[in-house]
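Dear colleague,

I am handing over the structure below, and I would be grateful if you could look through it before reading my notes.

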Amino acid sequence: MAINRLFFDIETSPCLGWFWRPVYQTNLNYGNVIEDAKIICICYKWNYSPKIYYLKWDKNQCDKEMMIKFIEIMHKADEIVGHNSDRFDTKWLRTRAMFHDIDMMPDFKSIDTLKQARQLLNLPSNRLDSIGKYFNLGQKLENEPNLWHKVWRENNQAALMRMVKYCKQDVNLLEQWFDKLNKYMKPKTHATGIKCDCPECGSDNIGLRGFRVSSLGNKTQRAKCKDCGKWFAYSTNQFKLK
């Protein structure tokens, strides 16, 4: 059994509104908004395939059909993976799904690589582009001037495809970053459901690495997969290794 991981990233439009002066910390209320922000495009890939797919809003800049398609894709994933996705991408998707009255699961098994970076590491910067440079994984594409304006206000289809290309590179970099980070993270999903097997790849070719006993007397076996290198642990209180 393989874990179906969905790597994804979105690009959004800004709100359109009116204001009196472009000064620092201009205060606007919702009455100043003429047009609400939307999702422009979604790029995604599965961990078992090299292909990066994309969805985009339609020629009228409506994101409903794109949302219907992507929510269905999300529902097939064992884990969804993004960088700052818990705070940004997934909330955006849920908001637009609710706006269009699209059915969406209330929770996903999410791996936010920004959260993991902050929790596990002490990097100079936790931005995805900086992480890519730090670990020599690559970097985000340079953002051309006025790209969002061309896509959003001019409805320029060629510019939209350049934005899709930009978003695709983010997904590519995201997966490389996840692969680098993964063996340092605790597993969220188990590949086989057999707790002495490797939760990442399902192998039973594991090396035991001692025990840990909690203050309550719960005994945990530490282990490392000899095939994929994943560290994990499992309770031995009601289980004995043959």
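**What was found**

Tyr 44 has Tyr 53 of strand 5 standing opposite it. Please bear in mind that this is a predicted model, in which local features need pLDDT of at least 70 and side-chain atom pairs count only at pLDDT 80 or more, while totals for chains, interfaces and linings use all residues. Residues are numbered from 1 along each chain as its sequence is written, and side-chain values use heavy atoms, with hydrogens and water left out.

Strands (E, at least two residues) and helices (H or I, at least four) are DSSP runs numbered from the N terminus. Six residues lie between strand 4 and strand 5, and the two strands form a hairpin.

Further along, helix 1 (residues 64–74) packs against helix 2 (residues 85–99) at an angle of about 125 degrees, and their axes are 10 Å apart. Axes here are lines fitted to C-alpha atoms, for helices over the stretch in contact, and angles run from 0 to 180 degrees between N-to-C directions. Helix 1 and helix 2 are therefore oblique to each other, given that angles under 35 degrees count as roughly parallel, over 145 as roughly antiparallel, 65 to 115 as roughly perpendicular and the rest as oblique. Met 67, Phe 70, Ile 71 and Met 74 of helix 1 make the contact with Leu 93, Arg 96 and Ala 97 of helix 2, where contact means heavy atoms within 4.5 Å.

His 100 is placed in the loop between helix 2 and strand 7 (110–112). With a relative accessible area of 14%, His 100 is buried (buried means under 20% relative accessible area, exposed over 50%, partly exposed in between, with a 1.4 Å probe and protein chains only). Leaving aside residues up to four places away in sequence, His 100 touches Cys 62, Asp 63, Lys 64 and Met 67.

Lastly, there is an open sheet of three strands, in the order 8-9-10 and with antiparallel pairing. Its edge strands, each pairing on one side only, are strand 8 (206–213) and strand 10 (231–235). Strand 8 pairs with strand 9 (residues 219–225) in the antiparallel sense over six bridges, and Val 213 has Lys 219 in strand 9 as its bridge partner.

Methods: Pairing = 2+ DSSP bridges.
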